[in-house]
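Here's a quick read-through of a fold, written for someone who likes the cut-offs spelled out. Have a look at the model first, then read on.

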Amino acid sequence: AVALALLAPITSDRLDDATQRAREQGTALALDARLPPGDKLALAPALLGSVDSADPRGELLEALERERVDVAPENLAEYDRMATSADETLIAAVGDSFEIAFLVTGGFALLAALVLTPFAPPPTPRAGAALGVAVVLAIAAPAAYAQVREDRAPSPVVILDPCEERPLPGTGGIAGAVQDFALDRLDDQACRYGSSREELVLALARQEDAERFEERHGENPRSIGSLLDGLLGG
């Protein structure tokens, strides 16, 4: 009980950080998706803007379903691919936030078993065999889980440095050129602020994120100007 009381605030902080990281990674997936430029820059904040640590996956799935209605049939496959990646990324981030709690409580469970062992009655041959199997499982299960997780976990979404060159969606046409220009502009401004492109997009879309951005980087990103705000649907 004491361990859980100590771990609760740590896990809560880690969950907040993991949710914010997953929001930025989901935004990166949306910005890099090969979808028509039209409303794509507004899609990322629409999907990830309201996601918080209270019910992150439920809010994300609700937003994905809501925005899917407006996607043209020929773009649904790409949208669904992006949506699946965003969901998997969020699940992985939330799982990571509980990692310390799982390890510590599991360790306490093993410690409790060791403390109680001297007080147990002399084991029968069958009980001794069962105890041996339990010890093997206690060691092997975490190792097996770690291997399965390594094999099946989604590839991590890397938040790239906005000051470095990066590939653009290049969807073609005038609209595609406008989109590429907007993404370049986002990179330029994010580089100036010392933030990520994704963090900037979220800050431009929601006041709460703008306040967090200003606290971290010393400036309100909504002062960039009407051009970028217009490209983002603001």
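Predicted model: local features only at pLDDT ≥ 70, side-chain atom pairs only at ≥ 80, totals over all residues.

Residues are numbered from 1 along each chain as its sequence is written, and side-chain values use heavy atoms, with hydrogens and water left out.

Of its 234 residues, 34% are buried, meaning under 20% relative accessible area with a 1.4 Å probe and protein chains only (over 50% is exposed, in between is partly exposed). Take the contacts (heavy atoms within 4.5 Å) between residues at least 6 apart in sequence: 66% of them join residues at least 24 apart.

Now for helix α6, residues 125–152: its 28 residues reach 39 Å from first C-alpha to last, close to the expected 40 Å, which is 1.5 Å times one less than the number of residues. There's a kink of about 25° at Ala-140, shortly before Pro-142; the bend is the angle between axes fitted to the seven residues ending at a residue and the seven starting there.

On to the rings. Phe, Tyr and Trp (six-membered ring) pair if their centres lie within 6.5 Å, with planes under 30 degrees apart called stacked, over 60 edge-to-face and the rest tilted. That rule gives 2 aromatic pairs. Tyr-193 and Phe-213 form an edge-to-face pair because their ring centres are 5.2 Å apart and their planes sit at 85°. The pair spans 20 residues, linking helix α7 (residues 173–193) to helix α9 (residues 207–217). The charged end of Arg-192 also sits over the Tyr-193 ring, 4.6 Å from its centre (the test is NZ of Lys or CZ of Arg within 6 Å of the centre and within 35 degrees of the ring normal).

Elsewhere, Leu-90 lies in helix α4 (residues 76–97). Leu-90 touches Ala-22, Pro-56, Arg-57 and Leu-60, leaving out residues up to four places away in sequence. Its C-alpha is 8.5 Å from that of Gln-25, 65 residues apart along the chain.

Here are some buried residues:

| Residue | Relative accessibility |
|---|---|
| Tyr-193 | 8% |
| Phe-213 | 1% |
| Leu-90 | 4% |

Methods
Helix = DSSP H or I, 4+ residues; strand = E, 2+ residues; numbered from the N terminus.
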